[in-house]
Amino acid sequence: MKLCRFDQNRIGVIRGDQIHDVSAALELLPSLRWPLPLGDQLVTELDRLRPEMERLADRAQPQPLAGVKLLSPVANPGKIIGAPINYNDHIAEAMSDQTIAHGRDLKSIGETGMFLKATSSLVGPSEGVAQRFVDRRNDHEAELAIIIGKSGTNIPRDRALDHVAGYAIGLDMTVRGPELVCFRKSIDTYSVLGPWLVTKDEVPDPGRLDLKLWVNGAIRQNSNTRYLVYDVPRLIEFTTSYYSVQPGDIIMSGTPSGVGPVKPGDVMTVEIERIGRMEVRVRAA
Ligand code: MN
């Protein structure tokens, strides 16, 4: 199932190029009282709500996808987790370009660990990227995003996919510079998730997906998730060897080579096999 959040927080099921409004399924969510449990409530309840969503989608009057505003499919992630250097060709380009490396000695992902991005940085494709520090280099990083479906900690790799709800396209936008990664990558709108969440049953092998990004129609990144240094199960194992994950947590799995600058007015197009394609505009903040 392809599930999106659109317009004024409507929930839709995507079939072909049509969207089926299934927002009525939200009535099945339990009402919550403070303090809220960690995690995104809709992702937490997704397995329980899914049959009702499929039923509603069968009966809904479809509308063209082209006419809606796509928001981040996860509304309230507890964490956005990033993998800093997880494709060898990106490590090589970063080490040969001081604008990226900035004097840092980029070691392996195992030595560097993961980073966190502020959840306030998250937007959907239709909201676009509002670029700050336009005089500095701001780069696109196209990434496979993993959406956690089930809580866990110390998850072994052979059970890691049991904890996945699905996948989406992630853009890990970055202003280059000497500041800490979590600071530079947490600017409002610098985490884009879309165009929808694809449940894992539609992605039998997340380690074999073509991934491409164009800027204004010119291809910049073109790779496949088979080149991930830590694949999806290992990323979950590694991350949860340090901390727990909850439903709705997003892991951006790292970017291949070809990262490069964007400026206000640019349009990024990102495509991942089996997930889809999204367009994201860049404007000045
Ligand atoms: Mn990244």
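This is a predicted model: local features need pLDDT of at least 70, side-chain atom pairs count only at pLDDT 80 or more; totals for chains, interfaces and linings use all residues.

User: Why is Asn 154 called exposed?

Analyst: Exposed requires over 50% relative accessible area. Asn 154 has 57% relative accessibility, so Asn 154 counts as exposed. Its phi is near 50°, a positive value in a residue other than glycine.

User: Which phi value does Arg 274 have?

Analyst: Arg 274 has a positive phi of about 70°, although Arg 274 is not a glycine. Arg 274 belongs to the loop between strand S19 (267–272) and strand S20 (276–284).

User: Why is Thr 225 called buried?

Analyst: The cut-off for buried is under 20% relative accessible area. Thr 225 comes to 2% relative accessibility, so Thr 225 counts as buried. Thr 225 is found in the loop between strand S16 (218–224) and helix H7 (232–240).

User: What makes the neighbours of the Thr 225 side chain polar contacts?

Analyst: A polar contact needs a pair of N or O atoms within 3.5 Å. A polar atom of the Thr 225 side chain lies 2.8 Å from the backbone oxygen of Pro 206. A polar atom of that side chain also lies 2.9 Å from the backbone nitrogen of Leu 209. Both distances, 2.8 Å and 2.9 Å, meet the cut-off of 3.5 Å.

User: How do you know which residues are the protein donors of the manganese ion?

Analyst: Donor atoms here must be N, O or S within 2.8 Å of the metal. Glu 141 (OE), Glu 143 (OE) and Asp 172 (OD) lie 2.0 to 2.1 Å from the manganese ion, and they are its protein donors. A caution: water is not among the atoms, so sites may look incomplete. Along the chain, the donors follow the spacing E-x1-E-x28-D. The pair Glu 143 in strand S11 (residues 142–148) and Asp 172 in strand S12 (residues 164–172) links distant parts of the chain, 29 residues apart. Both Glu 143 and Asp 172 are buried.

User: What makes S11 mostly covered?

Analyst: Seven of its seven residues are buried. In a regular strand, side chains alternate between the two faces of the sheet. For S11, Ala 142, Leu 144, Ile 146 and Ile 148 are buried on one side, and Glu 143, Ala 145 and Ile 147 are buried on the other.

User: How do you know that S11 pairs with S12 and with S17?

Analyst: Pairing takes at least two bridges between two strands. S11 and S12 run antiparallel and are joined by seven bridges, with Ala 142 opposite Leu 171 in S12. S11 and strand S17 (residues 250–252) have three bridges, also in the antiparallel sense, with Ala 145 opposite Met 252 in S17. Both counts, seven and three, meet the requirement of at least two.

User: Why do S13 and S18 stand at the edges?

Analyst: They belong to an open sheet of three strands in the order S13-S10-S18, with antiparallel pairing. Strand S13 (174–175) and strand S18 (260–261) each have a single partner strand, so one side of each is left without a neighbour in the sheet. Strand S10 (residues 138–140) and S18 pair over two bridges, with His 140 opposite Gly 260 in S18.

User: What makes up the lining of the largest cavity, and what is its volume?

Analyst: Its volume is about 70 Å³, and the count comes to one cavity of 30 Å³ or more. S1 gives the most to the lining, with three residues. By class, the lining has nine nonpolar residues, no polar residues and one charged residue.

User: And what lines the largest pocket?

Analyst: There are 21 lining residues, of which Pro 84, Arg 104, Leu 106, Val 181 and Arg 184 lie nearest the centre of the pocket. Helix H3 (88–95) and helix H6 (181–184) are the elements that give two or more residues to this lining. The lining divides into nine nonpolar, four polar and eight charged residues, and the pocket volume is about 370 Å³.

Note on methods:
Residues are numbered from 1 along each chain as its sequence is written. Side-chain values use heavy atoms; hydrogens and water are left out. On a 1 Å grid over the protein atoms alone, a cavity is a set of points where a 1.4 Å probe fits but cannot get out, and a pocket is an open set with protein on both sides within 12 Å along at least five of seven lines; lining residues have an atom within 4 Å of a point. Grid points are joined across faces, edges and corners, and a volume is the space filled by probe spheres set on the points. Helices (H or I, at least four residues) and strands (E, at least two) are DSSP runs, numbered from the N terminus. Ala, Val, Leu, Ile, Met, Phe, Trp, Tyr, Cys and Pro count as nonpolar, Asp, Glu, Lys and Arg as charged, and the others, Gly among them, as polar. Donors are N, O and S atoms within 2.8 Å of the metal (3.2 Å for Na, K and Ca); water is not among the atoms, so sites may look incomplete. Buried means under 20% relative accessible area, exposed over 50%, partly exposed in between (1.4 Å probe, protein chains only). A polar contact is a pair of N or O atoms within 3.5 Å; within protein, one must be able to donate a hydrogen and the other to accept it, and residues adjacent in sequence count only if both atoms are side-chain atoms.
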